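Here is a friendly tour of a protein model, written for someone who likes to know what sits where. Keep the structure open beside you while you read.

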Amino acid sequence: MPEQPEVEVVRRGLETWVRGRSFETVEVLDPRSVRRHLDGAEDFVVSLQGCCVDAVVRRGKFLWMNLTGLETPAALVAHLGMSGQLLIEEPEAPDEKHLKVRLSLSSRGEEPGELRFVDQRIFGGMFLSPLVSTSDGGVGGQGSDLELIPAAASHIARDVLDPFRTTESLYAALRKRTTQVKRAILDQTVIAGVGNIYADEALWQAGFSGLRNTATIRRAEVERLDAALRDVMLRALDAGGTSFDSLYVNVNGASGYFDRSLNAYGREGRECARCASNSRTSLIRRDAFMGRSSFTCPVCQPRPRRR
């Protein structure tokens, strides 16, 4: 599933190509992709036609477009799910095999004229959600200066790169829980945007096990973890995100390449780079975790002792 860097790459692309343009026509080719729009596909089409994209915003993995032209303030939320893609295309370009929603854009010079939502596995979707005030009075997310957020995203915490979030707030949120550190940072109500890949990378970089209990974590360790989360996210963003297959692409169809820089995730049986630099021999191991996999170094990320 796309994580925060991948969604931010898509947001930036949409901001470039879609912000300030209107939806002239809207076509739903598969109603399942607008199933979260409770008033149905026909209302989705009628509501969006003529609306203008005022801002493209992201918090964590949530992506939305603030709109003008609606009777009540609302945003078009686009959830990528496991395989969703938002692509900018020329109208004459062939339809993608799994094209679900087509939104034609008002003309602007020679820029491409269609926004297409493509989704092979149909876990993602698009829907309108009313805008509500943020609970802490800060801006809703990256890309907007409004203190508004879609109701559908109002439950999630501020994300790793949010300037309104602090290390101290992460420390407080972790210490309020009694669970494993990795479980906690995957919880979008604790800190948004962190998925399995970047959790493993940040924990490796911070140098401790995600199996540690949050009740035992010290402030200095949270500072290391928070710094690692920020660094990993920024480096992934610079690389265009992480692409292990063709399902994640940016709005122009290009894949990211941060997978070439991973130190833990997906490196089972390979030498730990940190141990190797310290003249130690250790191989990255893979373990089952919450129905997924965790990749760690057994030497520099020792598991907590059982009591």
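## The second largest pocket

Strand S10 gives the largest share of the lining of the second largest pocket, four residues. This is a predicted model, in which local features need pLDDT of at least 70 and side-chain atom pairs count only at pLDDT 80 or more, while totals for chains, interfaces and linings use all residues. Residues are numbered from 1 along each chain as its sequence is written, and side-chain values use heavy atoms, with hydrogens and water left out.

The volume of the second largest pocket is about 260 Å³. Its lining has 20 residues, and Ser 209, Leu 211, Asp 287, Thr 296 and Arg 303 lie nearest the centre. Two or more lining residues come from each of H5, strand S10 (285-289) and strand S11 (292-296). Here a pocket is an open set of points on a 1 Å grid over the protein atoms alone, where a 1.4 Å probe fits, with protein on both sides within 12 Å along at least five of seven lines; lining residues have an atom within 4 Å of a point. Grid points are joined across faces, edges and corners, and the volume is the space filled by probe spheres set on them. Helices (H or I, at least four residues) and strands (E, at least two) are DSSP runs, numbered from the N terminus.

The domain assignment gives domain 1 (4-153) and domain 2 (167-296), with bounds that come from an automatic or database assignment. Their C-alpha centres lie 29 Å apart.

The largest nonpolar core has 29 residues, and those touching the most other members are Leu 174, Ile 185, Ile 191, Val 194, Phe 208, Leu 225 and Leu 229. Helices H3 (167-175), H4 (181-186), H5 (196-206) and H6 (219-238) each supply at least two residues of this core, and the largest share, seven residues, comes from H6. Apart from this core lies another, of 28 residues, including Val 7, Phe 44, Leu 63 and Leu 115. A nonpolar core is a set of buried Ala, Val, Leu, Ile, Met, Phe, Trp, Tyr and Cys residues joined through side-chain atoms within 4.5 Å. Buried means under 20% relative accessible area, exposed over 50%, and partly exposed in between (1.4 Å probe, protein chains only).

## Residues in the loops

Arg 212 is found in the loop between H5 and H6 and is buried, at 14% relative accessibility. Its side chain makes a polar contact of 2.9 Å with that of Glu 221; such a contact is a pair of N or O atoms within 3.5 Å, and within protein one must be able to donate a hydrogen and the other to accept it, with residues adjacent in sequence counting only if both atoms are side-chain atoms.

Ile 284 sits in the loop between helix H7 (273-277) and S10, and is buried at 3% relative accessibility. Leaving aside neighbours within four places in sequence, its contacts (heavy atoms within 4.5 Å) include Trp 204, Arg 267, Cys 272 and Phe 295. Ser 279 lies in the loop between H7 and S10, but Ser 279 is exposed at 71%.

## Positive phi

Which value is phi of Ser 279 near? Phi of Ser 279 is near 60 degrees, a positive value in a residue other than glycine. Phi of Ile 122 is also near 60 degrees. Most residues other than glycine have a negative phi. Ile 122 lies in the loop between strands S7 (114-119) and S8 (125-133) and counts as buried, at 14% relative accessibility.
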